[in-house]
Amino acid sequence: INQLTGNIESSIHYYQQSLKHLDVDMEGGFNDFFYDMNYLGLAVSYSKQEQHNKVIEAADKYLELTYSWDDMIDRVNNYRLQITNYLNIEFDIYAHSTLYHLMAISHLELNNLDLAEKYINRAVELDIKDISFAKLQGIIIGRKQGQGELSRYEEELKIHREYAQLRVSSLTTVKALPPEKQVIWRTGESSETV
């Protein structure tokens with residue numbers, strides 16, 4: 001709520017408090033099923049403050065808690081070839097591609113062009129239909145070839161950053177929905193049941 005209402009410092013505080021109180025239960029598992037979502041929220045909040053190193057750090061933490069790039073791409077390829085139908089694969093594709101997009105923007109802002117290119121290429125590989133990913137890919141290629149200063153792309157980068165922030169924010173919002181609404185959101189079918 002703090003993040004959505006623009007109280008970014010407070011949102012960061014509560015995400016960090018949630019992580020601080022994260023604990024392990026008697027079976028050795030985390031006491032919070034959605035603990036990784038704190039890192040998504042932190043990535044968005046830091047992005048809104050243009051704290052690019054912290055965006056990258058929070059996104060990296062989320063990705064460490066989920067699948068490595070190799071595992072993710074194997075899952076996606078197997079899913080696309082209809083070899084295996086993984087639970088939550090669309091969510092994982094959406095989350096990972098969005099975070100790679102946000103990381104690419106941050107690396108571009110920090111003038112780490114090779115890393116920016118690496119992460120936007122990953123976003124495109126996961127979701128080739130997203131035009132915003134392709135546009136950012138073009139900006140990065142242009143910058144690598146010395147075609148203009150970053151300030152030339154300032155307005156377009158602002159739009160990219162806002163788009164990525166909205167995509168990541170939607171993930172944390174969905175996790176806050178009751179299970180019935182999450183099923184509808186993920187499947188697009190109002191008749192699906194939990």
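Guide: Let's start with Ser-132, which lies in helix α7; helices here are DSSP runs of H or I with at least four residues, strands are runs of E with at least two, and both are numbered from the N terminus. This is a predicted model, where local features need pLDDT of at least 70, side-chain atom pairs count only at pLDDT 80 or more, and totals for chains, interfaces and linings use all residues. Residues are numbered from 1 along each chain as its sequence is written, and side-chain values use heavy atoms, with hydrogens and water left out.

Visitor: Why does Ser-132 count as buried?
Guide: Buried means under 20% relative accessible area, exposed over 50%, and partly exposed in between, with a 1.4 Å probe and protein chains only. Ser-132 has 14% relative accessibility, so Ser-132 counts as buried.

Visitor: Which residues does Ser-132 touch, leaving out those up to four places away in sequence?
Guide: His-101, His-160 and Tyr-163; contact means heavy atoms within 4.5 Å.

Visitor: What makes a set of residues a nonpolar core?
Guide: Its members are buried Ala, Val, Leu, Ile, Met, Phe, Trp, Tyr and Cys residues joined through side-chain atoms within 4.5 Å. The largest one here has 46 residues, and Leu-136 is among those with the most contacts inside it. Helix α5 gives the largest share of this core, eleven residues.

Visitor: Which residues does Leu-136 touch, with the four-place limit in sequence?
Guide: Among them are His-101, Leu-108 and His-160.

Visitor: How many helices and strands does the protein have?
Guide: Nine helices and zero strands. Of its 194 residues, 42% count as buried.
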